[in-house]
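Student: I'm new to this one. Could you take me through a close look at a single part, slowly?

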There are 10 protein chains.
Amino acid sequence: MYTRESLIELIRQAKQERKLTWGEIAQHVGVPEIHCTAALLGQGTLQLHQAERAVELLGLPDEAAQMLTVPPYRGGVSMPPTDPVLYRLYEIILVYGPAFKEIVHEKFGDGIMSAIDFEMHVERESNPHGDRVRVIMSGKYLPYRTF
Amino acid sequence: MYTRESLIELIRQAKQERKLTWGEIAQHVGVPEIHCTAALLGQGTLQLHQAERAVELLGLPDEAAQMLTVPPYRGGVSMPPTDPVLYRLYEIILVYGPAFKEIVHEKFGDGIMSAIDFEMHVERESNPHGDRVRVIMSGKYLPYRTF
Amino acid sequence: MYTRESLIELIRQAKQERKLTWGEIAQHVGVPEIHCTAALLGQGTLQLHQAERAVELLGLPDEAAQMLTVPPYRGGVSMPPTDPVLYRLYEIILVYGPAFKEIVHEKFGDGIMSAIDFEMHVERESNPHGDRVRVIMSGKYLPYRTF
Amino acid sequence: MYTRESLIELIRQAKQERKLTWGEIAQHVGVPEIHCTAALLGQGTLQLHQAERAVELLGLPDEAAQMLTVPPYRGGVSMPPTDPVLYRLYEIILVYGPAFKEIVHEKFGDGIMSAIDFEMHVERESNPHGDRVRVIMSGKYLPYRTF
Amino acid sequence: MYTRESLIELIRQAKQERKLTWGEIAQHVGVPEIHCTAALLGQGTLQLHQAERAVELLGLPDEAAQMLTVPPYRGGVSMPPTDPVLYRLYEIILVYGPAFKEIVHEKFGDGIMSAIDFEMHVERESNPHGDRVRVIMSGKYLPYRTF
Amino acid sequence: MYTRESLIELIRQAKQERKLTWGEIAQHVGVPEIHCTAALLGQGTLQLHQAERAVELLGLPDEAAQMLTVPPYRGGVSMPPTDPVLYRLYEIILVYGPAFKEIVHEKFGDGIMSAIDFEMHVERESNPHGDRVRVIMSGKYLPYRTF
Amino acid sequence: MYTRESLIELIRQAKQERKLTWGEIAQHVGVPEIHCTAALLGQGTLQLHQAERAVELLGLPDEAAQMLTVPPYRGGVSMPPTDPVLYRLYEIILVYGPAFKEIVHEKFGDGIMSAIDFEMHVERESNPHGDRVRVIMSGKYLPYRTF
Amino acid sequence: MYTRESLIELIRQAKQERKLTWGEIAQHVGVPEIHCTAALLGQGTLQLHQAERAVELLGLPDEAAQMLTVPPYRGGVSMPPTDPVLYRLYEIILVYGPAFKEIVHEKFGDGIMSAIDFEMHVERESNPHGDRVRVIMSGKYLPYRTF
Amino acid sequence: MYTRESLIELIRQAKQERKLTWGEIAQHVGVPEIHCTAALLGQGTLQLHQAERAVELLGLPDEAAQMLTVPPYRGGVSMPPTDPVLYRLYEIILVYGPAFKEIVHEKFGDGIMSAIDFEMHVERESNPHGDRVRVIMSGKYLPYRTF
Amino acid sequence: MYTRESLIELIRQAKQERKLTWGEIAQHVGVPEIHCTAALLGQGTLQLHQAERAVELLGLPDEAAQMLTVPPYRGGVSMPPTDPVLYRLYEIILVYGPAFKEIVHEKFGDGIMSAIDFEMHVERESNPHGDRVRVIMSGKYLPYRTF
């Protein structure tokens, strides 16, 4: 019986041995890249038929499919992040957070952008001055309960 | 002579008295909403001609324009954020951060998305199941120095 | 022009001078006790007509009504709470949190109880062995986005 | 001889192998769901006859029953919780904590809701706008000692 | 109208001017020393007739009596305490805490010593090798809820 | 050769197998309950003849006696304590600490209660309203050095 | 009436205006330099006759003498210290702490060096390779209570 | 090949088996007690000829001598220290730190006591009122760079 | 009499009114830019004749010169820094720190680079791919004390 | 299959066995010392042909070359650093950080020194008063995005 940690380790090894990218795995599984990768890194779940496709592609043991449908204890980054890729996201909150809050309230009212009914995509944007990372987030607006 | 804090307070009051939205101010100043708001909240700078337009619209004292061009000590959110609007962004790092890092490296190589040569936009997305907050970030890809 | 802090202080004083309870204020305003009290303590908003009723009852200045409709920066407890009333809630997370997570997933799937589309009530429950505090929370179940 | 950690691991595996839910285990043991689950996750105790029923159902070694009656070192969540299910409870304290304290004192006096003489239940509430998680807590009111 | 902080400051000054000890005040008020002192330092409440006696003895303004009956936000020590008098209590938990937990469970079962239904006394104990501080605590045993 | 941790584990197992209480062990060893338990949990030392009695009663290997006389690195509780039994002691410092400091200075002068030349006892106190945990601490008064 | 903070500020100013060194003040007061300075900076007490000499030398108001005999809330450095003079002491604990503990136990047994019955001196030591700071600490050895 | 941790463990065991004190080892090695002990506990280095003497006395494997000359990652105490022996040093900084800083600047100017060109000794001082721990530190005075 | 904080504020204002750069001030004072700026921001000292030149250029009150020679309590950045300019320095330690330590030991032995006998310069380096910030640090090598 | 940690351990051992310095390895690999060392310590990447040269020199298994090209999770120092070599860098930020920020903005405008497009060198500087550590950093200036 695998623990979540050992399953993740297994996935990483299988991916490396079969020379697969996260993008290829995601396409095979049929789930957007970030979400599929998050699930395989223990930060989300797949539906059973999706998990089975991942298991098949990566050659994982059968019980792995079931395990990938079980909600994990989320939270895979120690804060503040020491890695520069992740720290820059953290810095964006530090610097643009207060303005973000103002604009959300101005455009929507007293509520939030959901991080649960939420989608995220990362794209490579060509640019003559140097390519850019383009991140698109889309989260449902949730208004505070009124009475 | 104003401190940065008192200038920000002055801006908030002028905005409220003149019943202006951040969106209207940004349009008048000619800078994207989040960036203009961040600058007026002490988390960024405006160019002088932009600052002068903000000063005029908000009826601020003349010296304010100069002050808005001075780089501030950035970082306007205490971490982890207690406000739910900002916490959800923080949670997105906790949950999708590891996958984001993998995908950035897969699509670009060993480098990061800049938070300096960076743009951010927030839009309201109509949706029959409930409108959505759409956040677009675009940061220059910066590869680690190679030799 | 009032800051949020000075408005809250004003509300506390008016409440004390007029010998009103939070319960009486909430009834007059027409919003459940905890939610009305949270809004008046700077942790939530009222709708304008509700805010006007609070302003009238407490004899606050007219502009206060408008201010009570503006989303605040939420988060009014420093953690871990040093006050025993609040610490016990914190302890409940420490002790029953892991079981709560299991049961939510078992009854609903991979998702959470919303703290935004959320209601909370506190009642006094008579009991021959000593009265009890009864807390009822009701939050919308939000499933994680599937693909 | 088992450590607490290895006993918990054993319980999780037995539950999975026998395809039991926490709800079914709790019903067999005769203890409310959250409380039974907390005890089996090392955050509480069962009485001996209850523990024996759990041991029987899960096919645990005999000595496990005795171990489940020994008070554990409680506290199974690292704070602030990174998992969204638990963080929302934490956020409820941040946002509604100050109002909760006011209302408890108004309804009861200078005292607290016990987290020891305490019960908690989680229910699924049907709702046309989306089902809701309903949490009921009942803790004895404990007045501060007077003289 | 006084804030709690200004009331405490007033009490300290009145005590100093009238050359009263906490012991004398407590005797006049009719409440054990530590508890009376805690209440006057904003960490507890007095009953109204007790508060009136404190007000009279210290020559405080009339409204102070009412204020001393209002439950405060408790927690008057920043942790870990830097003052050696308080740090030694903290160290006692560090060193004797695990043994204390074992003995409480052995003598009582799965439960705790209440810090609410609780009394504490400090006495000077004569001793030829140097006098000793004797602290007596008495808290109600609260068993965990069983089912 | 045993590490301290493995010796403590051995002691816990021997105690459980021989169905001994900490009280019985302490009585056999001739040291007060809390102090004997603390020593056996790696938070104190025994004198050699006492350690030998513990070794004999628990059937430990011979070298254990010597090890129990070696001063450990003290500090066996992570702070703030998550376990309710220990947290209540911590809360007592938060709430009664400032008053305790005042009273110690009033009764003794500028000095502290020693946590080294220190004794602690826990007793069960019968009470018709529910039994009580009675804790007695006695620490030598240490005056600050004067010149 | 002075608060401790305002008294300390007054002392600093008087010292500067009268061009006195801490060494001169200490000699006049008759207390070792570090101890006299600590007391005047709110980290210790003087005896009344010593305090009166300090008051006279510095031209402080009469009531200051009494205030300097009142035990303060000790702890005047935020940790870890950011100032290099103090950080080096902190670093000495980090680096030599474990060896210090071993040697104290080897030379004395299971006990500690008191920080209460304690003296500390700082001297300038001439040295051809550059003068040295010489710190002498002397604290009473306190053995743990044995039974 | 040994890691530093395993080498330290080996040294502790060899010391215990050969019934050597740190003092005896230091004398044999020819390095002051605290410094020799620190080096053997992984907080410093020995010169090769000194390391060889330690290896010989303790019967360590040959390669250990080389390893003891390699600069370690220093810092062997988690802060604040929970062990009372070390905490008292920490408390000395809290209480006497501000005075220490004043006196160093008064006697030397704007600079610090080095913790690198530094020596430390611990002695037992006989005293009719109870023996004392005497700590002598000597660090080179380092003036801030002037221009 | 000025506090350090009010003196720094005065310097900032005088600099702005007289439209001086830190570079110009440093040149007039005769101290390298970073060091002169650090001293005027309360993180270092000037020699008296240098301070007098700064006072004259900025039109500060006479007593300011004396104050600028008094060693401050150093440490003007809260860590981790939230401002991106400073965070990048912090990140350099996170990423290159371990390699830096290895190279220092390889080139010098067991010792450190002094941060006291230390100089730092920042220059603008022209570069066709975008100008670069060039930082040069020079600190005396301090070997650990050997015996 | 190696984890990053085991690969680093392998590299350290190979370096020690073959008696190579980081400087020699860096020269062979053709990458500046600090950068090559950082990469081999898991804080950076090498290009494949460079990694192959490192593998060959150190006699590592073939797959190691590929692993050394994979971006690691950066951040190899726990903060604040306890080791004096690294702490001094940290202290430089504490003391010279605010001046550094002023000078960068004065010389360049509103932007930062990149820690990604970044080079760092450490040199030994001969000096009659004692050799010095010379650190040269060169990072691209990144201006904040303007509109």
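Tutor: Let's look at where helix H3 (residues 33–40) of chain I packs against helix H6 (residues 84–108) of chain J: the angle is about 120° and the axes are 8 Å apart. The axes are lines fitted to C-alpha atoms over the stretch in contact, with angles running from 0 to 180 degrees between N-to-C directions, and helices are DSSP runs of H or I, at least four residues, numbered from the N terminus. This is a predicted model, where local features need pLDDT of at least 70, side-chain atom pairs count only at pLDDT 80 or more, and totals for chains, interfaces and linings use all residues. Residues are numbered from 1 along each chain as its sequence is written, chains are lettered from A and ligands numbered from 1 in the order written, and side-chain values use heavy atoms, leaving out hydrogens and water.

Back to the angle: it makes H3(I) oblique to H6(J), because under 35 degrees counts as roughly parallel, over 145 as roughly antiparallel, 65 to 115 as roughly perpendicular and the rest as oblique. The crossing of H3(I) and H6(J) is right-handed, meaning the near helix is turned clockwise from the far one by less than a right angle.

Who touches whom? Sorted by type, the residues where H3(I) meets H6(J) are seven nonpolar, two polar and three charged, with Ala, Val, Leu, Ile, Met, Phe, Trp, Tyr, Cys and Pro counted as nonpolar, Asp, Glu, Lys and Arg as charged, and the others, Gly among them, as polar.

Technical notes. Helix = DSSP H or I, 4+ residues; strand = E, 2+ residues; numbered from the N terminus.
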